[in-house]
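Subject: Handover of a structure and summary of findings

Dear colleague,

Please find below the structure that I am passing on to you.

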Amino acid sequence: MITYTKPPHPREYRLIFKNVDRVGWDPSIDCYLRDGGYQDLQKAVAMQPGNITAEVKKSGLRGRGGAGFPTGMKWTFIPSNNTQPVYLICNGDESEPGTFKDRYILHQDPHQLIEGMVITAYAVGAHTAYIYLREEFPAAARIMEQAIKEARSRNFVGHNVLGSGFDVEIYVHRGAGAYICGEETGLIESLEGKRPYPRIKPPYFPAALGLYMCPTIVNNVETLCHVKHIIRMGGDAYASLGVARNTGTRILCVSGDVKTPGYFEVEVGKLTLRELLYDLCGGPKDGRSFKAVIPGGSSSKILRCDESFALKYPDGSERQLAFWDIPLDFDTLAACGSMAGSGGVIVIDDSRKMSWVLNNLNAFYAHESCGQCTPCREGSTWMKNISDRIVTGDASPQDLATLESIAYQIDGRTVCAFGEASCWPVEAIIAKFRDELLADTQAANDGKPHNLEANAQRRYLTTCSGGL
Ligand SMILES: Cc1cc2nc3c(=O)[nH]c(=O)nc-3n(C[C@H](O)[C@H](O)[C@H](O)COP(=O)(O)O)c2cc1C
Ligand code: SF4
């Protein structure tokens, strides 16, 4: 019987977070081995690598880093006639605002990740693997280094893993703290020691042309942990968790205006937004009501709590789905015009002004644009400048149209998906809260120099000249 310092909600299904907050648990290899650790690796190295990939495909596992791409399929994109080294990279950048799950795995259950990584490396034929960690995770770096050392001393990592003839080394690499290093090709550039400018896809799909232009599999921390459970359970049994095409469990990170924010591991698609926000998160704060939710990290489009969606089904039928009845799976959230993304659910209540929410997001993206391509570099700053003005009451109604047009000119015109990540929130917030934002603008500002810097300059000149 497992006991926890913070007991999971009865609706949770703990697979990946089984050991998080567990009483008597520590990150050492002895603790992990006492709990049956590394038995899945033992099983995996007795299998043919292709059969591991087949099980992962059967499981239906989709990446937990953001895009929800099928993991087994990604692995098969390594060219079959490849003669170059293959690399495996664990994406531990965890930089999407609202997301705070990977850090718990890194801090509390490092051997689960190492076991998942070694199985994956064996399946894809990688002899070198990297764990790329964001700079802000110094403790995770220390814990992972220690765990790799322990795993090597027991022959789970290194030369001839468990007598299988398979060799693999794992290295920890720390970034210098930039959101764009979470984007897989920016991450690869950073790992190569360069400025993390993302690469154009095609041709630079990492599975074909990745690290040092060799085939490279990049997977998220949580995704790699799922692999070991798939080997233990078998692909079919894993696929019986969750719902069709959206299998297994995933960790939802809920932040913002709820009574009990936190992390919840649930079967994918088995929980509606109503159940998540009311049953697991305790409902709105006293005297408040829910206004909107950003369901998959800051890059996903906002949903209003009073919206409903006309969904089309493969058989041609159509059904209305109210916001509260949305099941939190990849496909339904996409059909509602948003995305499940990284699982970071940000909740906004009626105490928040949408101009403030918009400005907060714009400030983040303007700061984090890598600057490689013009629409994103210039556009993200312009968007922030305009939302700065909306917040301070210095904007004119015309500014809203300008803001919207900048967002649509970024959309689809950039090297990497950061472009969409920065403009989708703007497009969605304007489309869904236009009246509220318009109410924060002043028609009297129309035609005036409405850039804050210009206003400050005007005030300065007025003071200097003793009044115009
Ligand atoms: C701007 C941007 C930031 C991203 N940040 C992360 C991140 O912090 N962690 C992550 O795992 N994936 C992140 N991704 C997604 C990765 O590019 C990549 O799709 C993912 O690591 C693949 O792993 P998965 O298939 O296991 O999800 C980001 C993508 C973009 C466009
Ligand atoms: S879209 Fe933005 S973050 Fe991505 S490469 Fe272009 S400038 Fe850099």
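Predicted model: local features only at pLDDT ≥ 70, side-chain atom pairs only at ≥ 80, totals over all residues.

Residues are numbered from 1 along each chain as its sequence is written, and chains are lettered from A and ligands numbered from 1 in the order in which they are written.

Overall form. The chain holds 17 helices and 13 strands; these are DSSP runs numbered from the N terminus, helices being H or I with at least four residues and strands E with at least two. For 468 residues, a compact globule would have a radius of gyration near 23 Å, and the 24 Å of the chain agrees with this. That radius is taken over C-alpha atoms, and the globule rule is 2.2 Å times the number of residues to the power 0.38. Along the principal axes, the C-alpha atoms fill a box of roughly 85 × 50 × 45 Å. Of the 468 residues, 49% are buried (20 or more other C-beta atoms within 10 Å of the residue's own, with C-beta atoms placed from the backbone; 12 or fewer is exposed, and in between is partly exposed).

Domains. The assignment, which comes from an automatic or database source, gives domain 1 (29–240), domain 2 (251–349) and domain 3 (354–452). The C-alpha centres of domain 2 and domain 3 are 24 Å apart. Their contact takes six residues from domain 2 and nine residues from domain 3, where contact requires C-beta atoms, placed from the backbone, within 7 Å.

Helix 8. Eight of the eight residues of helix 8 (residues 184–191) are buried, so this helix is largely enclosed by the rest of the structure. Its buried residues pack against strand 1 (86–92), strand 2 (126–133), strand 3 (169–174) and strand 4 (216–220). Just after helix 8, Gly 193 has a positive phi of about 90 degrees.

Strand 11 (residues 308–312) and strand 12 (residues 318–322) run antiparallel and are joined by five bridges; strands pair if DSSP finds at least two bridges between them. Ala 310 stands opposite Gln 320 in strand 12. Five residues lie between the two strands of this hairpin, and Gly 316 in the turn takes a positive phi of about 90 degrees.

With kind regards

Conventions. Contact = placed C-beta atoms within 7 Å.
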